[in-house]
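Here is a short note for a colleague opening this structure for the first time. The points below can be read with the model on screen.

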Amino acid sequence: MDKNFDLIVIGSGPGGYVCAIRSAQLGLKTACVEERKTLGGTCLNVGCIPSKSLLNASEIYHKTQKEFSNLGIESSNVRLNLSKMMQNKNNSILNLTKGIEFLFKKNKITHLKGKGLISAHDTVKVIDNVGKKNNYKAKNIVIATGSIPTSLPGIKVDEKNIVSSTGALSFDEVPKKLAVIGGGYIGLELASVWKRLGSDVMVIEFLDYLVSGMDKDISIEFQKILSKQGIDIKLDSKVTNVSLVKNKAIVDFTGNKSLKRQRIEFDKVLVAVGRKSNIGEEIFKLGIKLDSKKKIQVNNKFETSIKNIFAIGDVINKGPMLAHKAEDEGIAVAEIIAGQAGHVNYDVMPAVIYTSPEVAMVGKTEEQLKKENIKYKVGKFPFLANSRAKVNNETEGFVKIIADEKSDKVLGAHMIGPHAGTMVAEMALAMEFGASSEDIARTCHAHPTHTEAIKEAALAVDKRSIHF
Ligand SMILES: Cc1cc2nc3c(=O)[nH]c(=O)nc-3n(C[C@H](O)[C@H](O)[C@H](O)COP(=O)(O)OP(=O)(O)OC[C@H]3O[C@@H](n4cnc5c(N)ncnc54)[C@H](O)[C@@H]3O)c2cc1C
């Protein structure tokens, strides 16, 4: 095999594999190194895809039990077969990771199996699973090694009783009592899965609101809805210790303000307090510059401090740790390496929480705008007044649009409600084109659809919503 490449990408997550495909499309001789058995990174193997499979299956299970009879659908003897649900999830992972193998072959990308280490500025050493080493030359290298879960000081994740998201995606029985440390999107999605499947779930969050960085209005509504679903949420609470006693996990936590101490026994504890960049030792040795959070520092062309070595995705110091951010950066960096003008717009980057109802956001929150001293107007519309949501009995939540006070340009959109994760795309597109709330309000939206709530929220910016 020819061991010289125009580009070697290290890591095949949504950043790495998309970068490799775009690079090959642009005519660059491309290889992608992956140490995992299957391609697709965190996202396909232990992240977005398995979590969404379980969210979908558990929601159907829950609806079958709790909502079908209201619709006149009588079902009896509904039982959970957890191992089949897990098998279904694993099949989805397999299908999708095989899909990337196919795309690599189709685009003539060399798939190098093993751990990739940058041994010189133009060389990647690949160590395969039996320890065999091979050196490959690259004119350009893209580091796309992603991220790994973090824990709290003194709390050791064993992936049995005390688990990271990876362990919580593969429990072999439904824990009777589950503690989720961290009220971010990963913790809340998995809390929803296991609550629906029958666990008693407690979420313990350090901050006094859920999902750091989320618009406060939405966060408050989200908390109300999750509490109504039976998830016990302890905000403003600091976990001080987790210990294992006879296969049970004992969690100690203290109220930040009340200073009230609690000790509760759980069957499983999910530590979902965030993720950190996955930086190999050689990155330190090479002297590639990191920021204070040990993320790789890149400039607006995704160049690291070493020429011809680039970095993208969760491993870098830009944007949120999300799969679509990594994908967009993968495309942009491939285009930049090929001499084109790749670009990522970090101001218009949607984020979705796939709970029921879904939560979605793009652009600035009210809190950010206040901090930045930007004057704005807000329009809100509740799903309670949306006819489609009403007939489907899914009336919780609302759409909120924030527009510049003078120019009316949309600065942010935040929503909690049915299909919010799909609907947010309309707002992202509108913002990408610099739309005003007036533009959205004057765009014809099909009736009866949930998207009419977007049009109505846009009308509400100017206090002229029709149905509320
Ligand atoms: C439970 C969970 C749910 C999530 N849900 C969502 C979601 O719904 N939507 C969303 O946008 N994001 C979601 N994310 C986040 C998303 O998975 C990440 O943002 C995304 O995967 C980052 O992509 P990446 O390409 O930067 O890195 P990764 O996907 O982490 O991929 C990096 C790859 O590099 C490989 N690698 C690392 N070092 C080496 C090396 N030295 N040699 C060879 N290979 C190496 C790793 O094995 C891995 O396969 C979720 C994450 C988790 C954990």
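1. **Ligand shell.** This is a predicted model. Start with the ligand. It has 39 residues around it, and those that come nearest are Glu 34, Thr 42, Lys 52, Gly 116 and Ala 323. By class, the shell around the ligand holds 14 nonpolar, 18 polar and seven charged residues.

2. **Where the shell comes from.** Several elements each supply at least two residues of the shell around the ligand. The helices among them are helix 1 (14-25), helix 2 (41-46), helix 3, helix 6 and helix 9 (323-337). The strands are strand 2 (30-34) and strand 4 (115-120). Helix 2 gives the most, with four residues.

3. At Gly 15, a backbone N or O atom lies 2.9 Å from an oxygen atom of the ligand. At Met 321, a backbone N or O atom lies 3.4 Å from an oxygen atom of the ligand. At Glu 35, a polar backbone atom is 3.2 Å from a nitrogen atom of the ligand. Taken alone, the ligand exposes 990 Å², and the protein buries 96% of that.

4. **The second largest pocket.** Its volume is about 970 Å³. The lining counts 30 residues, of which Glu 59, Lys 63, Glu 67, Ser 356 and Pro 357 lie nearest the pocket centre. By class, the lining has eight nonpolar, 11 polar and 11 charged residues.

5. **Which helix gives most to that pocket?** Helix 3 has the largest share of the lining, eight residues. Helix 3 (48-66), helix 6 (185-196) and helix 7 (216-228) each supply at least two lining residues. Helix 3 and helix 6 also each supply at least two residues of the shell around the ligand.

6. **Two cis peptide bonds.** The bond from Ser 356 to Pro 357 is cis, with omega near 0°. Pro 357 sits in the loop between strand 18 (351-353) and strand 19 (358-363). Both Ser 356 and Pro 357 are among the residues nearest the centre of the second largest pocket. Another cis peptide bond joins His 447 and Pro 448, with omega about -5°. Pro 448 is in the loop between helix 13 (437-441) and helix 14 (452-461).

7. **Positive phi at two asparagines.** Asn 77 is not a glycine, yet has a positive phi of about 60°. Asn 77 is found in the loop between helix 3 and helix 4 (82-106). Asn 77 counts as exposed because its relative accessibility, 61%, is over the 50% cut-off. Asn 308 also has a positive phi, near 70°. Its place is the loop between helix 8 (281-286) and strand 17 (309-311). At 30% relative accessibility, Asn 308 counts as partly exposed.

8. **Is Asn 161 buried or exposed?** Asn 161 is buried, because its relative accessible area of 8% is under 20%. Asn 161 lies in the loop between strand 7 (147-149) and strand 8 (162-163). The side chain of Asn 161 reaches the backbone oxygen of Asp 267 at 3.5 Å.

9. **Two partly exposed residues.** Ser 227 is in helix 7 and has a relative accessible area of 35%. Val 245 lies in strand 12 (residues 237-245) and has a relative accessible area of 44%. Val 245 and Glu 265 are 20 residues apart in sequence and 9.1 Å apart, C-alpha to C-alpha.

Methods:
Residues numbered from 1 in each chain as written. Predicted model: local features only at pLDDT ≥ 70, side-chain atom pairs only at ≥ 80, totals over all residues. Heavy atoms only, no water. 1 Å grid on protein atoms, 1.4 Å probe; cavity = no way out; pocket = protein on both sides within 12 Å on 5 of 7 lines; lining within 4 Å. Points joined across faces, edges and corners; volume = space filled by probe spheres on them. Nonpolar A, V, L, I, M, F, W, Y, C, P; charged D, E, K, R; others polar. Near = heavy atom within 4 Å. Polar contact = N/O pair within 3.5 Å; in protein donor to acceptor, adjacent residues only side chain to side chain. Areas by Shrake-Rupley, 256 points an atom, 1.4 Å probe, with all protein chains shown as cover. Buried < 20%, exposed > 50% of the residue type's maximum accessible area, 1.4 Å probe, protein only.
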